[in-house]
Amino acid sequence: MAAPGGVSSSPGIATERMPAPEYPRNANGQTYGSAADAPAPGAEPDLILVMATNGIEGYVQKAELDDANGSAAAETFTSPEQALAWQEANSHDRYVPVYDRDGERVIGEFLIAGLDSWRAVPDEAPLD
């Protein structure tokens, strides 16, 4: 059974490290595909599959996504206070461009929900 490093399905069940996916490359040499196929964040493709706010599937650049969601900043934190300060300064909704597979043509935008979106959700939303 394959699993991300350090994860097993049950005690006593042997697992193998998930192999790194072989993502396809576009004409610019960038890898593209789903982040769900990556065994770890460092193995994600250059262009990550998402659904844009306009309903079109496309790709966000991993570097832009990491900058917007705090993953890149987290690498530099040396204290919990720095992390909290970053969160406070970046708690609003953020958008990153969504590209076609070529990684050049913008076809939409991807929302990273912050407090703006969370405040818009009623406390007791009806269940469907």
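The model is predicted, so local features need pLDDT of at least 70 and side-chain atom pairs count only at pLDDT 80 or more, while totals for chains, interfaces and linings use all residues. Residues are numbered from 1 along each chain as its sequence is written, and side-chain values use heavy atoms, leaving out hydrogens and water.

**Exercise 1.** Decide whether D66 is buried or exposed.

*Solution.* Start with the place: D66 sits in helix α1, residues 62-69 (helices are DSSP runs of H or I, at least four residues, and strands are runs of E, at least two, numbered from the N terminus). Next, take its relative accessible area, which is 16%. Buried means under 20%, exposed over 50%, and partly exposed in between, with a 1.4 Å probe and protein chains only. D66 is therefore buried.

**Exercise 2.** Find which kind of aromatic pair Y32 and Y59 form.

*Solution.* A search of the whole structure gives one aromatic pair. Rings of Phe, Tyr and Trp (its six-membered ring) pair if their centres lie within 6.5 Å; planes under 30 degrees apart are stacked, over 60 edge-to-face, and the rest tilted. The ring centres of Y32 and Y59 are 5.6 Å apart and the planes stand at 80°, so this pair is edge-to-face.
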